Amino acid sequence: MRRSLWDVVPRDHRQSDAALRRRQVVTAAVVVIGAVVLGVSLRIEAGNPWFYPATLVLAGVWTVGAFASGPLHLGRISGGEGRPERLVRPVLAPILLGLGLAALFVVGGLVVREIPWLEHQVRSVLAIADRGSLPILLLVTAVNGVAEELFFRGAVYAALPRSPVLWTSVAYVIATLATGNVMLAFAAILLGVVVGLERRASGGVLAPILTHCAWSLSMLLALPLLFG
């Protein structure tokens, strides 16, 4: 976990001043557009067939914005003790980290369901899953997880010359607040910090993508059982 979250590997991802300014302009515009689309998609009534197209449009906004901003990198981490000079793609550790986060949220859910106002916040999101097709929901959840990390830990992170872990987390929370759901915003804080640290350590988006998808897919399957 230390290699995934803290040990920064050497890399050269420098960009010119002009490229940095361009990335900053693109990401600022896409944050606003994405926040609006996200707010609309999660306010669609549960069971409405427009939910799926709306969430895929959102994924498209994040993805197009990410690649339009400039180059993205997958990232690498140290090979570990005995072979620190060898850099490898982060795969297993990010997935385990995402599953661990999901387990933490499930434990927190045991407390949340005893607080009526917070329980209502969770159920308002789960209502969509209750009335939707599970295979399609799993696909949409995975696609959006990938798209969000491409943009926030890819484009936005690279657009911030100082304190990128902090400010990408803030930007992610602000975008999530467009839903009006406090629990989603709280989840965005914790998830944003973890995947931000992964981005800082590895220098790329692969680890954040795997952690985000492992967490979100686990929550999609676990929370309906907890709040059913």
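Here is a short walk through a few helices of this structure and one phenylalanine.

The model is predicted, so local features need pLDDT of at least 70 and side-chain atom pairs count only at pLDDT 80 or more, while totals for chains, interfaces and linings use all residues. Residues are numbered from 1 along each chain as its sequence is written, and side-chain values use heavy atoms, with hydrogens and water left out.

Let's start with helix α4, residues 92–112. Helices here are DSSP runs of H or I with at least four residues, numbered from the N terminus. The expected span of a helix is 1.5 Å times one less than its number of residues. For the 21 residues of α4 that should give 30 Å, and its end C-alpha atoms are 30 Å apart, which agrees.

Which residues of α4 are buried? They are Pro94, Leu97, Gly98, Leu101, Ala102, Phe105, Gly109 and Val112. Buried means under 20% relative accessible area, exposed over 50%, and partly exposed in between, using a 1.4 Å probe and protein chains only.

Now move on to helix α7 (residues 164–177) and its partner α8: their axes come within 8 Å and cross at roughly 150°. Axes are lines fitted to C-alpha atoms, for helices over the stretch in contact, with angles running from 0 to 180 degrees between N-to-C directions. That makes α7 roughly antiparallel to α8, a label for angles over 145 degrees. Among the residues making the contact are Tyr172 and Val173 of α7 and Leu191 and Leu197 of α8. Contact means heavy atoms within 4.5 Å.

Helix α8 (residues 182–202) also meets helix α9 (residues 206–227), with axes that come within 8 Å and cross at roughly 150°. Therefore α8 and α9 are roughly antiparallel to each other. Leu191 of α8 turns up in this contact too, and the residues involved also include Val194 and Arg199 of α8 and His212 and Trp215 of α9.

Finally, look at Phe67, which lies in helix α3 (residues 51–69). Is Phe67 buried or exposed? At 53% relative accessibility, Phe67 counts as exposed. Leaving aside residues up to four places away in sequence, Phe67 touches Leu72 and Leu150. Phe67 and Phe151 are 84 residues apart in sequence, yet 8.1 Å apart in space, C-alpha to C-alpha.

Note on methods: Helices (H or I, at least four residues) and strands (E, at least two) are DSSP runs, numbered from the N terminus. Angles under 35 degrees count as roughly parallel, over 145 as roughly antiparallel, 65 to 115 as roughly perpendicular and the rest as oblique.
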